[in-house]
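Reader: I am new to this structure and would like a friendly walk through it. Could you show it to me before I start asking?

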Amino acid sequence: MSEIPEFLKEKLEKQYGKELVKEIIRGYESKRPVTLRVNTLKTTVEKVKKVLEDQKISYKAINWSKEAFILEEVREKSLQDLEIYQNGEIYLQSLSSMLPPILLNPKPNTDILDMAAAPGGKTTQMAALTNNLAHITACELNKIRAERLVYNLQKQGASSVYVMQKDARNLDEFFSFNQILLDAPCSGSGTLQIENGTMKENFTEKLIQKSISSQKALLKKAISVLKTGGEMVYSTCSILKEENEEIILPLLKEQQVEICPIQIENLPLLPTSIKESICIAPNELYEGFFVVKLRKL
């Protein structure tokens, strides 16, 4: 307990109660296995399975995605030496971060916006889910991160993506999109790991407030450039309601958006105050993550 900043522990206990917070802290203490996503733009699930079996790497499937695998007793470094990694046939990605694109359910022949795209895991996943047949605009303000995004897109064969080095909060109003993924910058309260020993120095109230400011501005812009009837996913790797439900609720009250049902099973969930949103509890497999799907009215 001593490794958790006291103010964070208080926030979590106020939101979830002491018993659930004990489970959350166990999640912070967990060392998660390597997980990957098969890049179907370049290969097949069967081919990747065969490579893993040939390399004597044990894996488990995930019920909500046939492209996702949990690897057992292997670290990232050994995977990076494999040809399937170097060729972009697999992408190392946490299970939780694979969920927002899947729940958005991107459609071919539509205009899709990824508002905070780097390093590109979710962007390339959307390109794969649409078989490079959607028109995806990926925004990234930071030059170095934008370059990393371009590198990953090229490596993964995501040819349907146009990268815009721009703060998505400043997108021109003449843009309009059928679908939007807003995986918003956040405090990372769902992905904290006690073992790195820097939690108290790096996780601050100032970081939370800065994140909230960005989240509100990005969401406002998202609604303005989303077509009427269009759908978007808002997600964070935070489990704090002030970065999640409290960002979304004003839009619901103003009837700018409605909630779309999310159907996905066998996830470790925390309670949320918005029905149909999900907040994944950090545990031995998953990072803490919040996801809600919205439709513009």
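Reader: Thanks! Is Lys60 buried, exposed or partly exposed?

Author: This is a predicted model in which local features need pLDDT of at least 70, side-chain atom pairs count only at pLDDT 80 or more, and totals for chains, interfaces and linings use all residues. Residues are numbered from 1 along each chain as its sequence is written, and side-chain values use heavy atoms, with hydrogens and water left out. Buried means under 20% relative accessible area, exposed means over 50%, and partly exposed lies in between (1.4 Å probe, protein chains only). Lys60 has a relative accessibility of 46%, so this residue counts as partly exposed.

Reader: Which residue forms a salt bridge with Lys60?

Author: Side chains of opposite charge can pair when their charged atoms come close. A salt bridge here is a side-chain nitrogen of Lys or Arg within 4 Å of a carboxyl oxygen of Asp or Glu. For Lys60 the closest N and O atoms of the pair are 3.4 Å apart, and the partner is Glu72.

Reader: In which strands do Lys60 and Glu72 sit?

Author: Helices (H or I, at least four residues) and strands (E, at least two) are DSSP runs, numbered from the N terminus. The salt bridge between Lys60 and Glu72 links distant parts of the chain, twelve residues apart: Lys60 is in strand 2 (residues 58-62) and Glu72 in strand 3 (residues 65-72).

Reader: How many salt bridges does the structure hold?

Author: Asp81 pairs with Lys77, with the closest N and O atoms 3.5 Å apart, and both Asp81 and Lys77 are exposed. Glu231, Glu258, Lys293 and Arg295 are joined in a network of such bridges. The total for the structure is 17.

Reader: Is Glu140 buried or exposed?

Author: Glu140 meets Arg145 in a salt bridge, at 3.5 Å from N to O. Arg145 has a relative accessible area of 41%, so Arg145 is partly exposed. Glu140 has a relative accessible area of 9%, so Glu140 is buried.

Reader: What is the radius of gyration of the protein?

Author: The secondary structure comes to eleven helices and 13 strands, and the C-alpha trace spans about 50 × 50 × 35 Å along its principal axes. The radius is taken over C-alpha atoms, and the globule rule is 2.2 Å times the number of residues to the power 0.38. For 297 residues, a compact globule would have a radius of gyration near 19 Å, and the protein agrees, with 19 Å.

Reader: What share of the residues is buried?

Author: The accessible surface (Shrake-Rupley method, 1.4 Å probe; for residues, only the protein chains shown count as cover) comes to about 13900 Å², and 48% of this surface belongs to carbon and sulfur atoms. Of the 297 residues in the protein, the buried share is 53%.

Reader: Which residues of helix 7 are buried?

Author: Helix 7 (residues 121-129) is mostly covered, with eight of its nine residues buried. They are Gly121, Lys122, Thr123, Thr124, Gln125, Met126, Ala127 and Ala128.

Reader: Which peptide bond is cis, with omega near 5°?

Author: Most residues other than glycine have a negative phi, and most peptide bonds are trans. Pro119 is placed in the loop between strand 5 (111-114) and helix 7. The cis bond, with omega near 5°, runs from Ala118 to Pro119.

Reader: What is the phi of Gln255?

Author: Gln255 lies in the loop between helix 11 (245-253) and strand 10 (257-260). At 61% relative accessibility, Gln255 counts as exposed. Gln255 is a residue other than glycine with a positive phi, near 60°.

Reader: Which residues does Ile208 touch, not counting residues up to four places away in sequence?

Author: Ile208 lies in helix 10 (residues 205-225) and has 0% relative accessibility, so Ile208 counts as buried. Its C-alpha is 8.9 Å from that of Ser189, 19 residues apart in sequence. Contact means heavy atoms within 4.5 Å. Leaving out residues up to four places away in sequence, Ile208 touches Phe7, Lys11, Ser187, Phe203, Leu240, Glu242 and Glu243.
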